[in-house]
Amino acid sequence: MKSKKVLTFVLVIVLALGIVAFSACNKDEEGYTLVAPDGAPALAIACLGDKVSTSDTIYTLNKKIVPSSNIGAEALQSDLAVVPANLAAKIYNEGADIKILAVVTNGNLFVTSSQDSKIESIDGLVGKLVYSIGQGSVPDMIFKTLLKNKSIKFSVGENAQEGIVTIKYCASGSEVNSQLLLAKQNGEEVYGVAAEPDVQTGVSNGLYEVFDLQKLWSEYSQDDVTGYAQAVLIAKSSVCEDSKFIEKLLKEFEKNQDALLKDASLAENNIKAIYPQTSLQGNLNKDVIARCNINTVTMESGRGYYEKTLQAVMAINANAIGGKLPDDNFYYAN
């Protein structure tokens, strides 16, 4: 009889421990969803695993990559999202219950030329035609802020004008390359503002790199971080209450940036597995990824860095961030 009682007690303990262990294994079957836009920001999640483990829980991470034009709607429906820096502020100011966790991409903009230009500063673009991506986007406003800082006037137009920088917008970096290559064939000197990996594609086809706009921005803003806040990681406030998960996720983002540089083909294959239509196909290598500036800057140390980008956007189009700088509740702090 006594041995049966002991055996029953042992079984109860084993069963209880099994239940505890099981509950510690998985948060739930669905886990958390994480969405990112196609293009360079997708690299910020390329080498993240499907699981995030803390000391007592294993979380499923459901990653999704979507066309950049859809990221606003997708972000509002997801637990976590990588979004343009201005969009995060805009949807928060419009009432979304979210917090910003970190800047995860820090700019990949470069000025290129159809000719072997001898321009040594951004002032040299005065009187030139500049084909550019992203009308009204953060990259567009960063470029305009750098011009304004030098008191350089600019205007949108079809042909170069004396005394100003004339900007002609293109739908993509590949279109910028096409326009510059056509100008090169015709012996014309025009310029382009595009992002990696399109920049290296253009250079490999005979274009010339002139400026690294991240370096120019860092000189202007006097920040320790090289570049500007291009894309950021946001999360629903309810997800942020799970501080163990958030802290471990941010560490996984930091590991991702190291993994990218070790194996560019792995990054490309991982992205294609999530989003077969991605623009990041056959144009990634270690150098290009390095120039995409994937670097996790948390809001515990990087709020001022992020806000400088928002201030630049606001000075040109305040509506692009929802009319004002976000308040303190927008920023995650453990």
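Predicted model: local features only at pLDDT ≥ 70, side-chain atom pairs only at ≥ 80, totals over all residues.
Two packed helices are described by the angle between their axes and the distance between the axes.

| Helix pair | Axes come within | Crossing angle |
|---|---|---|
| α3 (residues 85–93) and α12 (residues 299–317) | 10 Å | roughly 80° |
| α4 and α12 | 9 Å | roughly 80° |

Angles of 65 to 115 degrees count as roughly perpendicular. On that basis α3 and α12 are roughly perpendicular to each other, and α4 and α12 are also roughly perpendicular to each other.

From α3, the residues Ala85, Asn86, Ala88 and Ala89 contact Tyr306, Leu310 and Val313 of α12. Sorted by class, this contact has 6 nonpolar residues, 1 polar residue and no charged residues.

From α4, the contacting residues are Val138, Met141, Ile142, Lys144, Thr145 and Lys148, and they meet Thr309, Ala312, Val313, Ala315, Ile316 and Asn317 of α12. By class, the contact of α4 with α12 has 7 nonpolar, 3 polar and 2 charged residues. Val313 of α12 is listed in the contact with α3 and in the contact with α4.

**Helix α7**

Helix α7 spans residues 213–221, and its buried residues are Leu213, Gln214, Trp217, Ser218 and Ser221. Seen down the axis of α7, these buried residues fall within an arc of 140°, so they line one face of the helix. An α-helix has 3.6 residues a turn, so residues three or four places apart point the same way. Lys215 and Glu219 lie on the other side of α7 and are exposed.

The buried residues of α7 pack against two helices, α4 (138–149) and α12, and against the strands β6 (109–113), β10 (191–195) and β11 (208–212). After α7 comes glutamine 222, which has a positive phi, near 55°.

**Nonpolar cores**

The largest nonpolar core holds 66 residues, of which Val83, Phe143, Val232, Ile234 and Tyr306 touch the most other members. Tyr306 is also one of the α12 residues that meet α3. Leaving aside residues up to four places away in sequence, isoleucine 234 touches Asp79, Leu80, Ala81, Val83, Ala88, Ile91, Ile98, Lys99 and Ile100. One of these, Ala88, is among the α3 residues in contact with α12.

Methods. Residues numbered from 1 in each chain as written. Heavy atoms only, no water. Axes fitted to C-alpha atoms, helices over the stretch in contact; angles between N-to-C directions. Helix = DSSP H or I, 4+ residues; strand = E, 2+ residues; numbered from the N terminus. Parallel < 35°, antiparallel > 145°, perpendicular 65-115°, else oblique. Contact = heavy atoms within 4.5 Å. Nonpolar A, V, L, I, M, F, W, Y, C, P; charged D, E, K, R; others polar. Buried < 20%, exposed > 50% of the residue type's maximum accessible area, 1.4 Å probe, protein only. Arc of directions from axis to C-beta. Core = buried A, V, L, I, M, F, W, Y, C linked by side-chain atoms within 4.5 Å.
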